[in-house]
Amino acid sequence: MARLTRTAAMRPVVIIGAGIQGCATAFFLSQRGQPVIVLEKDHVGRHASGVNAGGVRRLGRDIAEIPLSVASMDWWNQIDQLLDIDEGFHRQFYVKVALDDAGADLASRRIQQLHRAGFQHEIWVDRDQLLCRIPHLTKSVFGGVLVEGDGWALPWKITRAFHDKAAALGAEFRTPVTVTSIDRSGEHWQVTTDKGMIETDIVVNCAGAWGAQIAKMTGDNLVIEAHAPMLVITDRQPMFLQSVVGVMGGTLSFKQLDNGSMVIGGGQRGVADAARNLTQIIPAGLSSFVMTAGRVFPHLRDVAILRAWAGIEGYTKDNLPIIGNGSQAGIIHGFGFSAHGFQLGPAVGEALADLAMARQTRVNLTPFSPHRFAGSSRRPLGVKEAL
Amino acid sequence: MANQHFQIVIIGAGPAGMAAALTTTKAGLETIVIDDQKDSGGQVYRNLQANQETSPAYLGQSYYDGAKLAQSFADCGAVYRPDCTVWQITDMHEVALVSRGKAELITADYIIIATGAIERPMPVKGWTLPGVMSVGGAQTLLKQAALGADNAVFVGSGPLLYLTAWQYIKAGLAVRAVIDITGEKQWRSAIPFAPLALLQPDMLAMGRKWIGDIRRNTELIYSVSTIEIIGQSQAQGVSCTLSSGDKIDIDANHIFLHQGVVPNVNLTMATGLAHQWDHQAHCWRPVIDVTGKSSDEQIYIAGDGGGIGGAKAAAIAGRLAASAIVARYGKPRFLAQLYYKLRHLHYLSIRPFLDRLYLPSADFRLAQTDETIICRCEAVSKAGVNAALASGASGPNQLKAFCRAGMGRCQGRSCGLVVQEMIASHTGQSMAEIGYYRLRPPVKPITLAELASLEGPWPD
């Protein structure tokens, strides 16, 4: 209780980074009456949080991540009330289709693996059922693994909504402000920025692809790599899809927005230059996942692509996020989501707020401990997501 | 499939691209010219070879002046690839293009971007109605298909407006009126540069002739303070207020708008080259040295894409860039370069005068009424952009997320400058501080099957 009293003093918690994790953390802390200052070097949702594919899925997650994802889905299902927005979450279903024997085989192994771990949310749907639900799918589909109630959201809209709601509840957002050092000063931390210094007891590092840089300022040596997963958006087409579609054993995420445009992503990486905030599109990579989209929806041959883009994201060695207390008291990390952190955002915000207020978290965060990389660099076998 | 490689890749076969190819091929460099048109000539010499057969006089001598260059280009030995869409240039100097439904990557030692100009957007109320098009569009129809419309009204300012109205008149089409938005203020700021412009007496004489012929053949309306296009589902007329306060309504089903041209920066910006705000011409231009070399050592920009100079200046700029590249292969051409530099300066001597005279006033650069559409692709009105600004969008890229302006097919070509200036007047920042949309490949839309063709044929 002593720690809680100290934290609850009026010195604001400093959150670094105004992506979805930082904004959601600011929201939960503000909701609980805890003063918050959010420092953002660019603007709200500028990088991966604002420009990702917007998938809101439990499907296909690393088993270690499923409890957190499931907890987050509780928030997604009430996101409109939570943030005072309309149509924040498009609740549909998410399916990874099997296009060949190998895909079908992967699917059955995946489902067995989940059952052994006690999860029932992913189900196998055969070809006929699938074609009935998505008539435009390629007729050569074998079936697919599906999660009811997964869907998509507009990433910028949600990130911005967490920002707006947090700000309305009193959170202070300072942009553009760049953190230059974080130093211990007696009992407190001094966060030095290009626009002055802030004293705080708690620093929450939600700096995404720049998270390792911030961690280093606090003495934590956490390695992430910056990458830039690429996406394309198409011209508007008549509505034909009310679900999000991926591919077993391949990389694709495919959805149709309300205005008829389709967003197609697929894990193919462009060039990320985190130091200069720049990304570069690689034509061959685009071509590869657009071809996969063609195998799933051959009728889209002549649809025009309007734009390709890539957001800068931090990837950890094991592709699981870093969420938890740093090695020094008062430092909390939440970054390195490795391109699947958007759906986790609400639950991570809640968990980071719990950590900041020294409360018990709803979900066990052990798999995401910043200290897991200290000893062996490899994770236990069997949890690596290959599907 | 291995990439094709050329020593020189030239993008665009207007005067700059054609002239550059003459110099590089003469120096023995393997050159490919990639063009989005069906025939060389660019916009200014569009469809020249076909038109030469009948040589309609109404297109004017300045058009046929391009014949010699076009013929030399056809004979110069460069590989010419018409009908291609260049959609990206990578850091590795791969030029990504689509031709006949297939994507290709062509690598180069040097790239010359000669993609010319686009018309400055003119967001007046009703400019999205059927029956309204840009003057450039009207001229394209005249050159490409000998198509024109009787009783059209031309609205705006700038050489292309007068030339096209003149061509219309010479073609025997009835021009209902020309409404000239050039204000007294522009005259006052341009006059000090008139002596310099006298170095281009031919150009000045040509302009005088166009305007004189227009004055004799149709109504020329000056001193205009507001313009509005009337009509519900189709343009039915133009309504304008004079600075005297009088209102004039003119019936017309065809209205052609134009208020100058600006460098087409979509490809150069998407390529990540450095750009600067040009205060005089009120537009973005790539940062280039006197030979056209951009912030990327391997990429040169020639012609109007590097700064508006017109067809003759463009051809010299093409020569200049090409000879600078030839020099980098160890074949210096000091005298030729000096000559091109001087000629280029000479042709540009009229620009300070023209840029000031025909820079539209803020009344016409920005929309005059709240309901005027700013972003045509996403149908975002002036009020919509202002609402986004009021709710905290602080730059063009954030504004995209707030209201979708600039997110459509044209990648901001028809709204970018307007949106940027609206932000400037909202925040009080300079245009240079605000910057432009971050532009993304594909610079022009390509289809899914075209993009996928780098991998193979589209699945059935």
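This is a predicted model: local features need pLDDT of at least 70, side-chain atom pairs count only at pLDDT 80 or more; totals for chains, interfaces and linings use all residues.

Residues are numbered from 1 along each chain as its sequence is written, and chains are lettered from A and ligands numbered from 1 in the order in which they are written.

**Stop 1: chain A as a whole**

Select chain A. Among its contacts between residues at least 6 apart in sequence, 72% join residues at least 24 apart. Its C-alpha trace spans about 65 × 45 × 40 Å along the principal axes. A compact globule of 387 residues would have a radius of gyration near 21 Å, and chain A agrees, with 21 Å (taken over C-alpha atoms; the globule rule is 2.2 Å times the number of residues to the power 0.38).

Colour by secondary structure and you'll get eleven helices and 20 strands in chain A; these are DSSP runs numbered from the N terminus, helices being H or I of at least four residues and strands E of at least two. Of the 387 residues in chain A, 54% are buried, meaning that 20 or more other C-beta atoms, placed from the backbone, lie within 10 Å of the residue's own.

**Stop 2: two domains in chain A**

Now select 2-51 + 156-223 + 318-373 of chain A for domain 1, and 91-149 + 225-315 for domain 2. These bounds come from an automatic or database domain assignment. The C-alpha centres of the two domains lie 30 Å apart. Where they touch, domain 1 brings 14 residues and domain 2 brings ten. On the domain 1 side, α3 (48-51) and α9 (211-217) of chain A are the elements giving two or more residues.

**Stop 3: where chain B meets chain A**

Show both chains. How many residues does each chain bring to the contact? Chain B gives 26 and chain A gives 27. On the chain B side, the elements that give two or more residues are β6 (102-113), α16 (396-403), β22 (446-447) and α19 (448-452).

Pick I305(A), whose bridge partner in β22(B) is I446(B).

Note on methods:
Two residues are in contact if their C-beta atoms, placed from the backbone, lie within 7 Å. Two strands pair if DSSP finds at least two bridges between them. A residue is buried if 20 or more other C-beta atoms lie within 10 Å of its own, exposed if 12 or fewer, and partly exposed in between; C-beta atoms are placed from the backbone.
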